[in-house]
Amino acid sequence: MSEDKIRVLVAKPGLDGHDRGAKVIARALRDAGMEVIYTGLRQSPEEIAQAALQEDVDVVALSCLSGAHMALFPRVVEHLEDRQAGDITVFGGGTIPDDDIEELEEQGIEDVFGPGTNTKRIIERIREVAA
Amino acid sequence: MDDPGQVADAVLDGNPRAAARLISWAEDRDDRAWRALERIHPETGSAEIQGVTGPPGSGKSTLVDKLVDSYREDEATVGVIAVDPSSPFTGGAVLADRIRMSRRSTDPDVFVRSMGSRGKLGGLAPAIHDAVRILDAMGKDVVVIETMGVGQGEVDIVRTADTVALVAVPGLGDDIQTIKAGIMEIADVFAVNKADLDGVQQTVAELESHLRLAFEDADDDAWRPPIVETIAKNGDGVDELVAAYEGHREHLETTGELDERRRERAEHEIVSLMKERVTERVLGSEEGTRRFEGFVEDVMGRKLTPRSAAGELLER
Ligand SMILES: Nc1nc2c(ncn2[C@@H]2O[C@H](COP(=O)(O)OP(=O)(O)O)[C@@H](O)[C@H]2O)c(=O)[nH]1
Ligand SMILES: [Mg+2]
C-alpha cells in the first residue's frame, strides 16, 4: 500500500543555542503526519546539505536566531546545488527582519517565515511544494 | 532520478542521492523500488551488518557515532540506519538520532539514514531490509542499524543484522528484568554503557550471573556473548566493543552460522512479504476496503467468526 510520505529536515545552522522554536515546528510537522529529521544545534551549511541529501527530504526548514541568516541560508542552497540536489526546497525561519526577506528569496530560499507564523501555514506550504 | 534502472545503476556506482531516493521508494512501497532492487540484489551480500539495540536514552546513537569513527579510522566505508518510532495516530515521526551522530557528518564515505517504524507496532518497517541492501550495494563495508529496544523491535533486528549488540545502562533494574524476559537470546554482545555512572559493576554482575545460568549446558563451541563496558560519551571501551563484534563475526564465519542466519532472514522476509502482498491484494482497492468493512460489521454482529471472514476475503 504505497504512500508518498513527506520528509522534512529541520536544521539549525550557526551558533545560537536555542532550539525551542525548531522543536515546536518539528512536533507540529510530526503531528501533521510528516517524518521530521531533526539534526540539533550548530550545524554547518555543508552538514545540513549532506543530511538533506542522505535523508532524501522534500524540504529543508532552517531556523536561525543569531542574526547570521544572510550568511548561512544561501550557503545551504549552494551546497545543495553543488550536490545536484537543488530541487530540494529550502524554507527559512527565525528572527529575520522584513528587509532581508526579499534578498533571501532571491537567493533561493523559497519562503521566509517570521516569528509567530502560524504552523498551519508552514504545514500548508510544505504540502504544496512536496506535492 | 525517476527511472528505476538509472537509479539502480547510480546506486551501484555509489551515488548517495540515488541510494537515498531508492530507500524512499522502498519505504513508500513505490513500484519503482522493486525494479531497482531486482537489479541491485545480485550485487549485495558483502557488507557486515551490525545491530545496536537497547532502551531509549541508553546511548545507542552516541555509541554508533563512535563506532563509525573507529571504522573510518580503519578506512572502512560505513552506512548507518537509525530507526525511531512513528506515531501510530498520525504516521508522523521526529527522527532525532542524527543529533548524536555528528563526528563524520561531512564524510562522503559515511551515509546515515533515519527511518520511522511506520506503523509496525514497536517493530521495524519492512523497508529496513531494503535499506540494508541498498547501502550494501552502494559499497558500504559495514552497515550499522540502530533500533529502539522496545518489544518487537528488538526481536526484528536479529532477523536483519548478523551481529547484535544490546546496550544496557547501570541503575535500571527493570532493564535487566526485560533482558531476562527473553531478550537475552538476541544479544551477541552486551554493551554496558554509561560506565561512568554508579552501579556499573552491579549491572555487569547481574548479566554475568544470568549468562552463567543460560550457558550451563551449552555446547563448548556455542557463542557466549561478551560483556563490554563502554562510556560512549568519550569513546572509552569502543575498541573493545569493535573487537567483540569482530570476534562474533569470526565465530559466524567459522561455524557456518552466518549462512544459517542469512537463510533464516531470507525465510522470514519472504513470509512477511507474502503477508504484505496478500493484504495489499485484498485491501488495496476501494472495493476491497468496502468488502472488508462489510465483513467487520458481520463479525461485530456475531454473524461470522473472524476466521470465516478472513477466509471469505481471501476467496476472491
Ligand atoms: N553519562 C553518560 N551519558 C551518556 C553516555 N553515552 C550517552 N550518554 C548520554 O545519554 C543520552 C542519550 O544518548 P543517545 O545516544 O541519544 O541514546 P539513544 O536514545 O539510546 O540513542 C545523551 O544525553 C547522551 O549524551 C555515557 O557513556 N555516559
Ligand atoms: Mg538514538
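These legends describe close-up views of a predicted model.

**View 1. The magnesium ion (ligand 2) and its protein donors in chain B.** Three residues supply the donor atoms: B:Ser61 through OG, B:Asp97 through OD and B:Glu146 through OE. They lie 2.1 to 2.2 Å from the ion. Along the chain, the donors follow the spacing S-x35-D-x48-E. B:Asp97 and B:Glu146 link distant parts of the chain, 49 residues apart. B:Asp97 sits in the loop between strand 3 (93-95) and strand 4 (110-116) of chain B. B:Glu146 belongs to strand 5 (residues 142-148) of chain B.

**View 2. Burial of B:Asp97 and B:Glu146.** B:Asp97 has 8% relative accessibility, so it counts as buried. B:Glu146 has 4% relative accessibility and therefore also counts as buried. The cut-off for buried is under 20%.

**View 3. The contact between chain B and chain A.** Chain B brings 34 residues to the contact, and chain A brings 31 residues. Together the two chains bury about 2,700 Å². Carbon and sulfur atoms account for 47% of that area.

**View 4. Polar links and the chain B side of the interface.** Between chain B and chain A there are 6 salt bridges. One salt bridge joins B:Arg113 to A:Glu55, with the closest N and O atoms 3.9 Å apart. On the chain B side, helix 2 (16-28), strand 3, strand 4 and helix 10 (257-283) each supply at least two residues. Helix 2 of chain B gives the most, with 7 residues. The chain B side divides into 12 nonpolar, 11 polar and 11 charged residues.

Methods. Residues are numbered from 1 along each chain as its sequence is written. Chains are lettered from A and ligands numbered from 1 in the order in which they are written. This is a predicted model: local features need pLDDT of at least 70, side-chain atom pairs count only at pLDDT 80 or more; totals for chains, interfaces and linings use all residues. Side-chain values use heavy atoms; hydrogens and water are left out. Donors are N, O and S atoms within 2.8 Å of the metal (3.2 Å for Na, K and Ca); water is not among the atoms, so sites may look incomplete. Helices (H or I, at least four residues) and strands (E, at least two) are DSSP runs, numbered from the N terminus. Buried means under 20% relative accessible area, exposed over 50%, partly exposed in between (1.4 Å probe, protein chains only). Contact means heavy atoms within 4.5 Å. Buried area is the accessible area (1.4 Å probe) that two parts lose on being put together, summed over both. A salt bridge is a side-chain nitrogen of Lys or Arg within 4 Å of a carboxyl oxygen of Asp or Glu. A polar contact is a pair of N or O atoms within 3.5 Å; within protein, one must be able to donate a hydrogen and the other to accept it, and residues adjacent in sequence count only if both atoms are side-chain atoms. Ala, Val, Leu, Ile, Met, Phe, Trp, Tyr, Cys and Pro count as nonpolar, Asp, Glu, Lys and Arg as charged, and the others, Gly among them, as polar.
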